[in-house]
Amino acid sequence: MSTVIDRDAEQANQREQWEGGANIGHVVQPGELDLSHDVILYLDDITVSFDGFRALNKLSLAIDAGELRCIIGPNGAGKTTMMDVITGKTRPDEGKAFFGQTLDLTRMSEPEIAHAGIGRKFQKPTVFEQHTVFENLELAMKADKRVRRSLFARLTAEEGDRIAAVLERIRLAGAADRSAGLLSHGQKQWLEIGMLLMQEPKLLLLDEPVAGMTDDETERTAELFVSLAGEHSLVVVEHDMAFVEALGGKVTVLHEGSVLAEGDLAAVQNDQRVIEVYLGR
Ligand SMILES: Nc1ncnc2c1ncn2[C@@H]1O[C@H](COP(=O)(O)OP(=O)(O)OP(=O)(O)O)[C@@H](O)[C@H]1O
Ligand SMILES: [Mg+2]
């Protein structure tokens, strides 16, 4: 139960960030991300204990630049905790976590990590319901500390174009002037993804993005993610196997805080250990 409350607090943090309230020390410039070995995220032997219980147990993982990776595994496997470590919310007891070749995530604050180019989508949408879709994207862009400008400054033509491009991408171009509160659950999820995209993240972390979506919305979300790969790297946690299949990327199975299996979906689905702990339930 306590974790639920905790995650709500985390969403409040996210809102604070959108609203420009986060206090950022050293602002990492996007150019500082060193992708010379084509690996954007590298976790090595990460251990996280909660009162002696190992939520992550020597977890090692590498994500390539531009990759679309799915993480699956039973409840409590450590998937969300892994995202907490990557975003600096939870500090590992042991192990290394690097963004590109040089940025040590275990030594950066949450806002520094966000501004280095790691965007996170939480399970519940956290859009500003009383604002329009367009305004939500505008707010997300202006909360971006790499661009030092006032919330009240007029949009430049280039900024307007960027918002239009994101609206198109998240299939909300026809709803730009609608209050976000009136959107369907799926559309709110897309809007929040759009808000992340306004900050031009290099790596996107998405925790159960299609939970509660209709089949049609789920399919469209898969298309969106596939279209984002390459330009962005994505790590997607999901239980919906049809969605994982539609994404088509490499799949990592977590179990008891470690990697149990890794490969394409067909291979992990035929892995006897994976069937026992997860798929055969
Ligand atoms: N802040 C915390 N304090 C204590 N235990 C925690 C905390 N966060 C996570 N845990 C525990 O760590 C384990 C891993 O949890 P985590 O939320 O990472 O799993 P998950 O793979 O995301 O599961 P799900 O599929 O249900 O979302 C669970 O047993 C959970 O109860
Ligand atoms: Mg989780």
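## Close-up views of a predicted model

**View 1. Helix α4 against helix α6.** Helix α4 (residues 133-142) packs on helix α6 (residues 185-198) at an angle of about 35°, and their axes lie 8 Å apart. Helices here are DSSP runs of H or I with at least four residues, strands are E runs of at least two, and both are numbered from the N terminus. Axes are lines fitted to C-alpha atoms, for helices over the stretch in contact, and angles run from 0 to 180 degrees between N-to-C directions. On the α4 side the contact uses V133, N136, L137, A140 and M141, and on the α6 side L191, G194, M195 and M198; two residues are in contact if their C-beta atoms, placed from the backbone, lie within 7 Å. Sorted by class, this contact of α4 with α6 has seven nonpolar, two polar and no charged residues. Ala, Val, Leu, Ile, Met, Phe, Trp, Tyr, Cys and Pro count as nonpolar, Asp, Glu, Lys and Arg as charged, and the others, Gly among them, as polar.

A note on the model: this is a prediction, so local features need pLDDT of at least 70 and side-chain atom pairs count only at pLDDT 80 or more, while totals for chains, interfaces and linings use all residues. Residues are numbered from 1 along each chain as its sequence is written, with chains lettered from A and ligands numbered from 1 in the order in which they are written.

**View 2. Helix α4 against helix α5.** α4 also packs with helix α5 (residues 157-169), at an angle of about 120° and with axes 10 Å apart. The pair is therefore oblique (under 35 degrees counts as roughly parallel, over 145 as roughly antiparallel, 65 to 115 as roughly perpendicular, and the rest as oblique). The α4–α5 crossing is right-handed. F134, L137, E138 and M141 of α4 meet E159, I163, V166 and L167 of α5. This contact of α4 with α5 splits into six nonpolar, no polar and two charged residues.

**View 3. The six-stranded sheet.** Here six strands make an open, mixed sheet in the order β6-β7-β8-β3-β9-β10; strands pair if DSSP finds at least two bridges between them. β6 (118-121) and β10 (258-263) are the edge strands, each pairing on one side only. Ignoring direction, neighbouring strands are turned by 20° against each other on average. Inside the sheet, β3 (residues 68-72) and β9 (residues 251-255) run parallel, joined by three bridges, with I71 opposite T252 in β9. Helix α10 (residues 272-279) packs on this sheet, touching β3, β9 and β10, and its direction makes about 120° with that of β10.

**View 4. The four-stranded sheet.** This open sheet has the order β2-β1-β4-β5 and antiparallel pairing. β2 (53-64) and β5 (103-104) each have a single partner strand, so one side of each lacks a neighbour in the sheet. Eight bridges join β1 (residues 39-50) to β2 in the antiparallel sense, and V39 sits opposite D64 in β2. α2 packs on the sheet, touching β1, β2 and β4 (94-99), and its direction makes about 65° with that of β2.

**View 5. The shell around ligand 1.** Twelve residues surround ligand 1, and the closest are F50, A55, N75, T80 and T81 (a residue is near if its C-beta atom, placed from the backbone, lies within 6 Å). α1 (2-18) and α2 (79-86) each supply at least two residues of the shell. α2 gives the most, with three. By class, the shell holds three nonpolar, seven polar and two charged residues.

Notes:
Left-handed = near helix turned anticlockwise from the far one by under 90°.
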